[in-house]
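Please examine the model shown below together with its sequence.

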Amino acid sequence: LDEINHADATMQSTVYTLLQDRMICGKKLSEGVVIVAAGNFAKNGGKANTLLKPVINRCLLMSVESNTEKALKVWLEDYAYGNNIHTSVVSFLEKNPSKLNTNNVDNQPNMPFCSQRAYGGSGGVSDVMYELDSGFFTESEAFTTLAGLIGDHNASDLMKEYRYGAALPNPINPLDGTTAHIHLDKNNVHSPIPNYIIGYIV
């Protein structure tokens, strides 16, 4: 039952039979069926009606924090790695766990913010980065699109991460001899390679 706290009192009252008697439209749910309800707090920018006490009393309530390092680890392992989320997005989040969900930080009316849905959803951040790789988007077009998905400053930081990654060679090339020397500027403090191995790579 997604967005259960969008329901008004009348709609919530219809949930009693489902929760208590495990019945819907006169038919009993099969054994082993688990009912899960979800919703967002008003502080997260979601529409939130007060849940009726009989509904609360029939549920096990859990609050899930979505922008902790543990939450990021779960999202990466259970979703991102297996769904081909763009490497620049993964790298960006590994370095900035608090950017997994910035709704509490960027909670401004009608403004975009970072979220798991924004990163991985259809037409989301990851798709934009793949379109940039393919040449469909220029960097300017990609930035504008990203800013509309996750906000200007988050888009700017992500594009920096993308450029750092793009500066690295294909790891196969040095191994097969097609890249003889790669010189990285050791004066660049933002280099994607730690300073102690910056120099000539044969």
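Val 64 lies in the loop between helix 3 (53–57) and helix 4 (69–80), where helices are DSSP runs of H or I with at least four residues, strands are runs of E with at least two, and both are numbered from the N terminus. With a relative accessible area of 69%, Val 64 is exposed; buried means under 20% relative accessible area, exposed over 50%, and partly exposed in between, for a 1.4 Å probe and protein chains only. The C-alpha atoms of Val 64 and Asn 40, which are 24 residues apart along the chain, are separated by 9.9 Å. The model is predicted: local features need pLDDT of at least 70, side-chain atom pairs count only at pLDDT 80 or more, and totals for chains, interfaces and linings use all residues. Residues are numbered from 1 along each chain as its sequence is written, and side-chain values use heavy atoms, with hydrogens and water left out.

Backbone geometry comes next. Most residues other than glycine have a negative phi. Asn 84, in the loop between helix 4 and helix 5 (87–95), has a positive phi near 60 degrees, and Asn 84 is exposed at a relative accessible area of 55%. Cys 25, in the loop between strand 1 (23–24) and strand 2 (27–28), also has a positive phi, of about 55 degrees, although it is not a glycine. Cys 25 counts as exposed at 77% relative accessibility.

The structure holds zero disulfides, a disulfide being a pair of cysteine sulfur atoms within 2.5 Å.

A helix pair shows how packing is described. Helix 7 (residues 125–134) and helix 8 (residues 139–150) pack at an angle of about 180 degrees, with their axes 10 Å apart. Axes are lines fitted to C-alpha atoms, for helices over the stretch in contact, and angles run from 0 to 180 degrees between N-to-C directions. Helix 7 and helix 8 are therefore roughly antiparallel to each other; angles under 35 degrees count as roughly parallel, over 145 as roughly antiparallel, 65 to 115 as roughly perpendicular and the rest as oblique. Val 125, Val 128, Met 129 and Leu 132 of helix 7 make the contact with Glu 139, Ala 142, Thr 145, Leu 146, Leu 149 and Ile 150 of helix 8. Just after helix 7, Gly 135 takes a positive phi of about 90 degrees.

Finally, the whole chain comprises 10 helices and four strands. Of its 202 residues, 29% are buried.

Conventions
Contact means heavy atoms within 4.5 Å.
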